[in-house]
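Hi everyone, I'll keep this short.

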Amino acid sequence: MITRRQMLTRLAAAGVTAFDSACRTSHGAGPCPALSGRRIRWIVPNAAGGGYDTDARLLQPILERRLGAEIVIENLAGAGGLIGARAIAEAPPDGLTVGIVGMPGLLVARLLGESAAPDPVGAFTILCRIARSAHVWATGAKSTLQTIDDALTAGRSRSLVVAINEVGSASFVSVTVSAALAHVQVEFVPGFSGTRAASLAAARGDVDLVCFDFDTIRPFIAAGELRPLLQLGASPDSDELLSGMPLLGGPNGIAERFAHPAGDGGAHARQVADSLAHVIGSGRAVVAPKGLAPEIADCFSSTIGQALDSGGLLAATTRAFDFADSRRARVDVEAAALEAGRLRRFVEPAIAKLRG
Amino acid sequence: MNTLSERTVLTTALTLAVAGFVVSSTTLGPAARTAPLVVGIPTLALVALALRRDAARAREPDPDNDRQRAIDERNLLGWLTLLVVLAAIAGVPIGVPLWLLLFLRIRSHESWTLGIAFSSGLMIVLLAVFTLLLRIDPMSGSVATWFS
Amino acid sequence: MLHHTLAAAWEGLWLVLAWPNVLYPIVATLAAMVVAFLPGVSGVTLMALAIPFTLFWDPLSVMLLFGGLVGGATFMGSVTAILFNVPGTGPSAATLIDGHPLAVQGQAKTAIGCAAMASAMGSSFGILVLVALIPVMSEAVYAFGAPELLMLLLWGLTTIALVGRGSISRALVATGIGLLLSFIGQDPRTGEGRFTFGSQYLWNGLSLVPVMLGLFSIAEMIDLSVSNRATISGLSRIDQLSGNVREGAMTVFRHFGLFLRSAAIGTCVGVVPGVGGTVASFLAYGHAAGSVKNPERFGKGDIRGVLAPEAAHDAKDGGALVPVLAFGIPGSESTAVLLAALLLHGIVPGRELMTNQLTLVFVLIWSLFISNWLTSIVGLMLVTPLARLTTVRLQRLAPIGIALAAAGAFVNAQRFGDIVVAVAFGGVGYYMKKHGWPRIPMLVALLVGSGIERNLTIALRLRELGRLDVFARPLLILLAALAALNVIVPKLRAARIRWKGATA
């Protein structure tokens with residue numbers, strides 16, 4: 001039970017926070033003089049409550065305090081994150097507009113020739129990466145597909161039914177490429193309104209599989225509603241829920257194991273699997289419009305890095321972060337953009353077949 | 001224009017809108033155009049029938065024709081257009097209260113005191129909502145910000 | 001399990017009522033009520049603002065505060081809908097269909113009294129169902145797949161389109177136009193842009209709020225402005241207003257069966273993720289219009305047309321907590337922000353929360369319960385001063401209503417295009433009303449169209465792949481039967497009346 005003293009202390013603390021924030025914004029006490037006292041627009045490319053939104057709201061109070069600025073979160077959902085990404089890319093590079101984007105989604109959109117998708121490398125100043133995780137194949141807990149071998153065996157006699165948000169999404173590309181490497185047939189059920197809706201369909205047994213970012217479906221896996229079967233990466237994730245999970249890439253991964261025996265021993269298949277892992281692993285990045293002054297970009301990057309390291313933040317949440325500074329994040333995205341080209345020959349025919 | 005003619009114009013506009021959707025659907029891919037065509041074609045048929053009925057009735061004498069009301073309606077539509085223009089030029093927290101002041105004075109023939117009181121009150125509320133609640137630029141949305 | 005649930009409920013109640021804990025939901029409710037009075041500004045905005053302030057609070061305080069914020073934002077939107085035909089929130093649009101005509105007839109107090117009681121009792125019903133579902137939350141959410149959701153939305157659409165008064169062909173055309181408008185944006189299956197004409201504004205589709213504000217609020221204000229009425233109620237003094245709060249409140253008990261059915265509809269819709277309160281309100285309204293014995297006054301000021309959507313709208317809150325607590329799936333916009341707040345405080349929805357932290361869950365539930373009743377009680381206390389506004393000269397009130405609607409359209413998503421849409425639909429809505437074209441089917445179709453297409457796409461695809469066995473889904477059959485009955489029964493009843501008249 002909260003005592004009266006605790007409540008009054010809390011109200012006072014909230015008031016102090018607000019007053020403190022107001023003082024900082026007016027007297028410029030932060031480490032970035034150019035941003036102190038300014039109002040920064042933080043664009044989130046999905047609706048309130050989604051993963052990107054949660055990340056932004058976690059960082060918001062800590063960044064406000066450290067930068068001495070006011071951060072206003074703006075949800076611009078739609079078109080698989082492209083609307084929000086475009087809004088960031090088209091804003092003036094004055095440090096007053098930043099946002100979180102999902103690099104895999106942008107890379108895939110560019111791969112598929114989506115004209116509305118900003119160039120992940122050319123249209124943004126990448127400030128840092130804050131999270132990344134591999135895509136994971138997962139089935140419902142009640143499914144008869146208990147292991148990846150069950151899924152692969154079933155997928156050779158009939159098509160595995162996979163729930164996705166839309167044709168052309170990062171999930172669609174992941175499944176198309178990984179299924180081709182594993183030589184299984186898949187049929188897609190597009191149209192789900194989000195990762196969670198599709199995951200529910202798998203948990204319910206309406207579909208065989210989903211394939212999404214592990215961080216997003218982790219709660220379902222932890223609750224026992226979904227069972228992970230395959231990690232689409234080259235090296236194991238450290239999360240205990242993926243311990244011992246088969247890999248798509250890497251030595252003796254599914255791609256190499258099921259590569260055509262008359263070929264190159266699976267080297268090419270491994271390359272494709274690694275390319276897929278690179279594209280998906282390009283992760284969530286905090287970006288600003290192209291042309292942002294380097295000192296402001298560095299300031300954002302170091303401040304966010306410090307915020308993610310702060311004990312208070314990590315204690316307050318179960319989110320797992322994977323910070324990379326501006327230079328490293330940019331190198332990763334550029335490499336992923338190059339690797340994405342290797343996936344084209346798998347994805348284009350699948351798109352053409354589905355779109356008619 | 002009498003009431004029956006006006007009704008025909010409305011039905012014509014609705015028919016053209018539906019026809020526009022149907023025609024535009026034919027430029028889409030097979031999957032994307034299915035639902036609009038399945039809905040649009042029967043709707044077009046029904047609205048075309050309604051247009052035929054209304055057009056036939058428009059030739060009859062109209063006992064409900066109220067010319068003064070029609071003038072009043074058009075006057076009000078003009079005011080609504082001005083609302084959009086003022087909001088575009090001056091932003092919502094200033095443009096909308098300004099419109100309110102002009103409307104109360106010119107169309108409603110209210111006193112300056114009342115007009116200023118209501119529009120100031122609205123401006124204060126909107127500025128509070130914009131700056132304290134939503135924390136967005138009060139000029140957000142106005143033409144001025146397009147060039148900033 | 002029952003013993004564990006009851007013990008957690010009891011402990012949660014004591015925690016909420018303890019001093020000074022009880023101040024949290026009270027303060028949150030009052031703040032949410034003030035905010036919700038402004039059109040276009042919902043309680044969600046306040047919830048989002050509260051998140052950074054509460055980042056280092058303990059979970060108990062967070063649950064106390066957010067329970068109050070979720071519950072406090074609903075009723076005041078209905079008050080503006082009844083008095084001024086300006087829906088403060090999407091769900092209030094269903095209330096204005098009969099609520100505003102009642103105000104025009106000088107019965108504002110009756111309408112608000114009914115709304116307050118239906119709102120409070122509806123939320124209590126939703127909470128009771130939520131508590132009853134705690135042991136089977138997963139199963140409750142699992143029961144609604146794409147086919148069931150499709151049937152639910154079709155039920156709502158056909159009810160509104162086919163059981164309304166006036167020309168059925170015009171209602172069908174309005175429904176068709178609403179569906180076409182809902183297709184603007186992206187095709188759910190392929191992501192291809194449709195009817196966007198290269199406009200980024202249209203890429204995400206037409207937003208419901210500006211269309212609603214235009215079709216109803218601005219259109220009605222235009223209609224009142226050009227009419228010969230002096231005030232909304234036609235009366236100039238508050239003492240001339242008829243009706244009273246008590247009479248309105250007792251309506252809920254006089255039509256208790258309708259109340260129960262409406263609250264059940266709201267709760268069920270709330271359980272289904274992503275559907276929202278607006279659908280719940282319109283579904284309940286449509287059900288009421290189609291199921292009562294003498295529906296002639298619906299749309300002209302039938303108090304049952306206020307009771308049904310209000311009961312459903314607030315019952316939805318309890319239901320909407322089911323998917324968010326069981327799976328972390330938001331059932332509405334407010335629960336989406338609630339989810340963000342929970343996750344930020346390390347409160348992870350799912351089995352762990354529902355078993356080992358059940359007391360915390362009940363703190364949220366009791367806070368929501370108190371908030372809903374407090375909102376209604378405070379709302380009732382404000383009835384007389386608010387009803388006074390219906391005696392204000394229209395030449396003063398109408399431009400204020402238009403200004404608020406236009407500002408509300410912008411505030412909703414901060415896009416200038418929304419003001420243009422609201423004003424444009426205001427003009428269209430006025431002429432539609434003048435020439436007998438129904439607007440409600442258009443709005444409901446716009447609301448549910450994309451959901452229908454999305455779920456139809458999924459259902460047809462599942463059937464094509466042999467993954468949909470209709471006969472193995474009893475809920476689907478039940479919903480289909482309800483939808484069919486809701487359309488057939490009024491027609492049979494009308495035919496029977498005509499036959500009796502002919503043979504008399």
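When I say helix or strand, I mean a DSSP run, with helices being H or I of at least four residues and strands being E of at least two, numbered from the N terminus. A bit of housekeeping: this is a predicted model, so local features need pLDDT of at least 70 and side-chain atom pairs count only at pLDDT 80 or more, while totals for chains, interfaces and linings use all residues. Residues are numbered from 1 along each chain as its sequence is written, chains are lettered from A and ligands numbered from 1 in the order in which they are written, and side-chain values use heavy atoms, with hydrogens and water left out.

Backbone, then. Most residues other than glycine have a negative phi, and most peptide bonds are trans. Now look at C:Phe195, in the loop between β2 (193-194) and α11 (200-203) of chain C. C:Phe195 isn't a glycine, yet its phi is positive, about 55°. Is C:Phe195 buried or exposed? It's buried, at a relative accessible area of 5%; buried means under 20%, exposed over 50%, and partly exposed in between, with a 1.4 Å probe and protein chains only.

A:His183 also has a positive phi, near 60°. You'll find A:His183 in the loop between α6 (170-182) and β7 (186-189) of chain A, and with 45% relative accessible area it is partly exposed.

For a cis peptide bond, go to C:Trp19 and C:Pro20, where omega is near 0°. C:Pro20 sits in the loop between α1 (2-17) and α2 (23-36) of chain C.

On to the rings. Rings of Phe, Tyr and Trp (its six-membered ring) pair if their centres lie within 6.5 Å; planes under 30 degrees apart are stacked, over 60 edge-to-face, and the rest tilted. How many aromatic pairs does the structure hold over all chains? There are 12. One of them is A:Phe172 with A:Phe188, a tilted pair at 4.8 Å centre to centre and 50° between the planes. That pair links distant parts of the chain, helix α6 and strand β7 of chain A, 16 residues apart. A:Phe172 is buried at 0%, and A:Phe188 counts as buried at 5%.

Over in chain C, the centres of C:Tyr430 and C:Tyr431 are 5.1 Å apart with planes at 70°, so that pair is edge-to-face. Both of those tyrosines are buried. In chain B, B:Trp79, B:Trp99 and B:Phe103 make up one aromatic cluster.
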